[in-house]
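Subject: Structure handover

Dear colleague,

Here is the structure you asked to see. My notes on it follow below.

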Amino acid sequence: KKYRNDNNHNDIFPIIEKDRWHDLSVTAIEKLIVNPYAIYAESILKLRKLPFNSCNISQFFGIMLHRILDTYYKDRGKQSFDNIIEDYLISSNTNLSHRILICEQLTKICNWVIRNDKINSHIQISSEMKFSKTFPEFNNITLSCRLDRIEYDDNNCIIIDYKSGSIPSIKDVLNSNKPQLLIYLYLVKYALLEQDVNNNLIISF
């Protein structure tokens, strides 16, 4: 594998042919730092992942939580959280015991979301928004992301990433060991500046 080694590029970024790798997600950046071969296998070799293992209840919980919150906000609250949770759990391929275990926890989180939204009713909320930026200096690679949630008013824009598992430490975020939120911040800031919007940006898990 070849790496660039000059004054204009960081050594950790591999030289990728334009027709083989032109789109990179923000989550893939963290994976590139931790395990470059995983990116090579997925993006260059085009290897497919093994089917999702429903026995991994933590992963199942995280997937369900993201889908439920996204559906609720896209539907503008027309469906109740209870109905959305029931629909997703019934249609899932996981076993009954797992559904029972996570249903109560999902309901608690969703009830907290409803209470929080009522308190902050003046704030506008967007779910699963897409942002991207193309870098000509890196063979026109496009860095893209889909944000879990953005809260904004006239002055502030809060970028929120849902985490159902462990939360990265502030040290790892600031040292770029876990750069996900910082890259989100950069992409949103870039998009806002293109629209001549200069809101304060806040990032949060």
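Leaving aside its neighbours within four places in sequence, which residues is D70 in contact with? They are S127 and E128. Please keep in mind throughout that this is a predicted model.

Confidence

The mean pLDDT of the protein is 77, with 81% of its residues reaching 70 or more. Helix α4 (residues 81-91) has the highest confidence, at a mean of 87, and strand β5 (residues 200-204) the lowest, at 67. Over residues 1-19 the pLDDT is below 50, although this stretch has 29 contacts in the model beyond near neighbours in sequence.

Salt bridges

The structure holds 6 salt bridges. One of them involves D70, which sits in helix α3 (residues 57-74). Its partner is K74, and the closest N and O atoms are 3.4 Å apart. D70 counts as buried because its relative accessibility is 14%, under the 20% cut-off. K74, in contrast, is exposed, with a relative accessible area of 54%.

R149 and D117 form another salt bridge through their side chains, at 3.0 Å from N to O. This pair links distant parts of the chain: R149 is in strand β3 (residues 141-152) and D117 in helix α5 (residues 96-119), 32 residues apart. R149 is buried, at 5% relative accessibility, and D117 is buried as well, at 17%. A network of salt bridges links D117, R149 and E151.

D161 and K163 also form a salt bridge, their closest N and O atoms being 3.2 Å apart. D161 is buried, with a relative accessible area of 4%, while K163 is partly exposed at 32%.

Helix α7

Helix α7 (residues 180-194) has 15 residues and reaches 22 Å from its first C-alpha to its last, close to the 21 Å expected. Its buried residues include Q180, L181, I183 and Y184. For Q180 the relative accessibility is 6%. Beyond its neighbours within four places in sequence, Q180 is in contact with V26, T27, E30, D161 and K163; the last two are the salt-bridge pair described above. Q180 and I29 are 151 residues apart in sequence, but 7.6 Å apart in space, C-alpha to C-alpha.

Surface

Y37, Y40, L45 and L47 form a nonpolar patch on the surface, with about 390 Å² of accessible area together. Of these, Y40 lies in helix α2 (residues 36-44) and is partly exposed, at 34% relative accessible area.

Regards

Conventions
Residues numbered from 1 in each chain as written. Predicted model: local features only at pLDDT ≥ 70, side-chain atom pairs only at ≥ 80, totals over all residues. Heavy atoms only, no water. Helix = DSSP H or I, 4+ residues; strand = E, 2+ residues; numbered from the N terminus. Expected span 1.5 Å × (residues − 1). Buried < 20%, exposed > 50% of the residue type's maximum accessible area, 1.4 Å probe, protein only. pLDDT = per-residue confidence, 0-100. Contact = heavy atoms within 4.5 Å. Patch = residues over 30% accessible without salt bridge, like charges linked within 9 Å, V, L, I, M, F, W, Y side chains within 5 Å. Areas by Shrake-Rupley, 256 points an atom, 1.4 Å probe, with all protein chains shown as cover. Salt bridge = Lys/Arg side-chain N within 4 Å of Asp/Glu carboxyl O.
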